[in-house]
Amino acid sequence: MPTLNERIGEIIKQKRQRDRLTQADLGARIGVSGSYIGSLEAASTSARLSELEGLAAVFRTTAFEMITEAAQPDPRTFSTANRERNAFLGLYDALAPEFQKQARQFLLFLREQQTHGPRED
């Protein structure tokens, strides 16, 4: 079972890759080196709380959420459906709020079409 530090490293790497950032890019955003980000991801060093807060801001979450996620049992499954869902959520998270609203409305429309079929006017 991975340690909390190892899980935090995995989460940092997952979120960094989801956002298509290099370790150097991410480090520059929070004021550390890319090699330091690599050591966090490898769990060879532990992030300070101020660094977790900086990372969380870049990833549009909170340090508390990142720690909570790391403390949970590993929910990952390596199914194609789960990978596609994570990719979709990554795309959705990268949208501006007004486009997230449009995406939600479109998904609700598609669900309605699936459930009741096209409406005849």
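The model is predicted, so local features require a pLDDT of at least 70 and side-chain atom pairs a pLDDT of 80 or more, while totals for chains, interfaces and linings use all residues. Residues are numbered from 1 along each chain as its sequence is written, and side-chain values use heavy atoms, leaving out hydrogens and water.

**The whole chain**

Helices here are DSSP runs of H or I with at least four residues, strands are runs of E with at least two, and both are numbered from the N terminus. The C-alpha atoms fill a box of roughly 60 × 30 × 20 Å along the principal axes. The radius of gyration is 18 Å, whereas a compact globule of 121 residues would have one near 14 Å; the radius is taken over C-alpha atoms, and the globule rule is 2.2 Å times the number of residues to the power 0.38. Buried residues make up 26% of the chain (buried: under 20% relative accessible area; exposed: over 50%; partly exposed: in between; 1.4 Å probe, protein chains only).

**Helix H4 and its two sides**

Next, select residues 49-58, which form H4. Glu 51, Leu 52, Leu 55, Ala 56 and Val 58 are buried. These residues lie on the same side of H4 because they cover an arc of only 155 degrees around the axis, the arc being that of the directions from the helix axis to the C-beta atoms. Leu 49, Ser 50 and Ala 57, on the other side, are exposed.

**Where H4 meets H5**

Keep H4 and select H5, residues 63-71; the two axes are 8 Å apart, at an angle of about 100 degrees. H4 is therefore roughly perpendicular to H5 (65 to 115 degrees; under 35 is roughly parallel, over 145 roughly antiparallel and the rest oblique). Axes are lines fitted to C-alpha atoms, for helices over the stretch in contact, and angles run from 0 to 180 degrees between N-to-C directions. Show the side chains of Leu 49, Leu 52, Glu 53, Leu 55 and Ala 56 in H4, which meet Ala 63, Met 66 and Ile 67 in H5. After H4 comes Arg 60, with a positive phi near 60 degrees.

**Ser 39**

Finally, select Ser 39 in helix H3. Ser 39 counts as buried because its relative accessibility is 17%. Beyond its neighbours within four places in sequence, Ser 39 is in contact with Ser 44 and Thr 45 (contact: heavy atoms within 4.5 Å).
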